[in-house]
Amino acid sequence: MSDHSEQPLDPQDIEAYLLGCLPEERVASLDKALRDDAAVLQQLAQAMQAMSLVRQEFAGQAQYEAAHQQEPLLEDFNTLLQELSDREAAAKPIALPASSVEPQHGARIDPDKLTPHDFVALGGYIFRKTLTSKPAIITSIGTLAAAVLLFALIVINPFASNTPDPIANNPRNTTPSIPTIDDPAPTTNTVATLTATHNAQWGGPASAGLGIGDTLYPGTRLTLTAGFAEITTSRGAVAIFEAPVEVELLDHDNAIRLHAGKLVGICETELSKGFVVETDHADITDLGTEFSVEVADRHTDVHVLTGQVTMSLPATQDRSGGEDVRIDAGQAKRADRQAGKIRAIAFSSEAFRRAMPTELDRLANALNAAAYWPFDHDQAPILQGARALQGARASSLSDGTLVGQGGGIVADPFGSVPSNRVLKLTDQSYVAIPAKPQQDEDKVAYTVAAWLRLDGVEHQNILTKTSMDEGPMVKFSQNLRVSDRGVFRHYLFSSNDGYGPDLGGEIIVDGKTQVRPDTWYFVVITASDGHFSRLYVNGQEDGPAQRIRQPKIERGLDAWRLGGPSARLLDAEGEPVKPFSGLMDDVLIFDRELSAKEIQDLYHAAKIASGRSVPH
Amino acid sequence: MPVSSDLIMSVVMKRRPRLHGYAWVVTGDPDLAEDVLQEVSLLALQKKGQINDETHLLGWLHESIRRQGLSARRAKMAQAMQLSSEVLAMLAEVQADQHNAGHAAQVKALRQCIELLGDKSRDTLALRYGKGMKPAQIAQQTDRPVRSVYQMITRAHTSLRQCVTKRLSSEGSTW
């Protein structure tokens, strides 16, 4: 395939050749194609006629307008006729062709009787005359685009008034019955549910035979000797424990006591706020955040990833409880009971190296993602039963190819969840990704989702699938871009239906969200032949869906790229499109069109998994 | 019996887009192609005594365009890579064989297609052909990269060709 002559002929190669802008190696390919294939030769014959006609048409139009402005042009024309006549007379008499203008030898032409068509008919003979008239004003006929505004369904969780419970939303996760607002403060029996485990080994009598979905009662003391476990309180707070851990469920619905070990606490929902973790050294109250608590012999450390928690020294026999100390995102504090104080310590993201699968991991599995790159789970164990994406799921860059300079997987430098790792791409790099082939041959569709954080809001390609990396000739192009107007753009172009991009060959969905630099967005594009092309930003449809009438979508998911392919790519308007530069995370590809509801679920899961706050 | 001036001019005018297009392929420059076509047309008038009939005329025109075009191209010292002479000869043959769909039908279809063209593309074509500006000049005037101007012109041409082809074929006609 390295042989240039084997490159397929692009429909635009012929025109590009005539315009002198076809790269040399493609001229050779074109030459070969013309020799080998009569149809291509035919195309060239048509193209050169067409181009000549186009040129004539535009020149004729300009000359027509000029003729009504300026006598000199007609002088030129008449001079030319005279010249022809003279030359012909020197040879033999000449008769000009029949046409709507029938100039006689030496006749002068009345400009008012000329139409543009006459200029076209006679045009060849006056093209070379310099025109000094006003520029041709070509009237443009605007086309009315029927914008179909589809309002995304507002999914109302019948239970939680504010934020839907991520676990309750998980279609796979049906076993654990998470109490909801119907049962807002169950103070007696159930305090929490065991919602996930990974390689968990339990010690102690209370932990015997524990399984996912089991309810946990007040006073239960769990001893996790190996692996991981996740519980969800009746108010929806999630605590993930990493062994060795000893934890006790307290006699109210949103509190636990961590005797030893560490946990990561997540309180995403309004209801879960106020989750309390008691230790020997401190009381920690979550105000809606993600945080870690680690209990050592003499102290308790708290690191806050997002939001805020308060920490206070517990009341003792000697003294009353301490004042609440606030800990903000990116801060860490240590409560030292012996010293009797809380002091700041260095924040570390290592405390949050999450081994448990995120909600997004589970959803990616449930929705049967064809490919999924969380970027941060490469080395992490996989939760039991939580995903069976092996084979389909591409979990690391070894499943794709990082091309170019400056890119790679890095710790999220912007700290929403510092354990998160993200893909950094520069305008010199991109990732070529493989994926499983389209399963359903009759249904050509895709959904591509990703967290994106742009270094700068410039016209750029973010996720790309195109027939040619280096432009300017493109047979098809499917991509997510930032448009020159600074909004996300889902762009679809294919020459399959015989129309170029200027004649309705493009399908463009422009978002309304003005993209800001250095801001995370969860962006999803979906397209399905015969259906619609759509764009979602942060869970909501961001622009009017466009109908895809003609088959547009290239089969297979394997040609998608993370990042723009090349600085040389141009858009349909001929404007240069820069490659993506910034951060990407949680990239998912599906071989079908996800529904608005599924995308909303995906967004919520992605938000929880990443701990990112998004602009409203 | 040699061809008449009437026939020569009629053929040249009727087949103008084909002939000019061929000259364009040979020279790689539409303006140069124009010069060549004019020269060859006048030459045909001068040499009509040696041209037997319409078929002969078409072959003669193409061959002359090829020769004159190549020498004009050389004179201009155009560096750009070029199609092989084999292909140019094949193209001339195809050209001579082709039945003309009719100039009026082509122009009509083209105008309908131009109406569909995006404003930006249309304006660029107007600058290129209406005002005779080079892509580099257009780039300067419109503050765009030259490559982008080339891209736009190329795409517009391809779109128009495809559109006209569709329209002609829907009327049971071809180029």
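Trainee: How many of the 8 residues of helix α7 (residues 359-366) of chain A are buried?

Mentor: Good place to start! This is a predicted model, where local features need pLDDT of at least 70, side-chain atom pairs count only at pLDDT 80 or more, and totals for chains, interfaces and linings use all residues. Residues are numbered from 1 along each chain as its sequence is written, chains are lettered from A and ligands numbered from 1 in the order in which they are written, and side-chain values use heavy atoms, with hydrogens and water left out. Buried means under 20% relative accessible area, exposed over 50%, and partly exposed in between, with a 1.4 Å probe and protein chains only. Helices are DSSP runs (H or I, at least four residues), numbered from the N terminus. In α7(A), 7 of the 8 residues are buried, so the helix is largely enclosed by the rest of the structure.

Trainee: Which residues of α7(A) are buried?

Mentor: They are E359(A), L360(A), D361(A), R362(A), L363(A), A364(A) and N365(A). After the helix comes N368(A), with a positive phi near 60°.

Trainee: How many disulfides does a search of the whole structure find?

Mentor: A disulfide is a pair of cysteine sulfur atoms within 2.5 Å. The search finds 1 over all chains: C113(B) is joined to C163(B), S to S 2.0 Å. C113(B) sits in helix α6 (residues 103-116) of chain B and C163(B) in helix α9 (residues 146-170) of chain B, so the pair ties together parts 50 residues apart in sequence.

Trainee: What is its handedness, and why?

Mentor: The torsion about the S-S bond of C113(B) and C163(B) is about -85°, so the disulfide is left-handed.

Terms used:
Helices (H or I, at least four residues) and strands (E, at least two) are DSSP runs, numbered from the N terminus.
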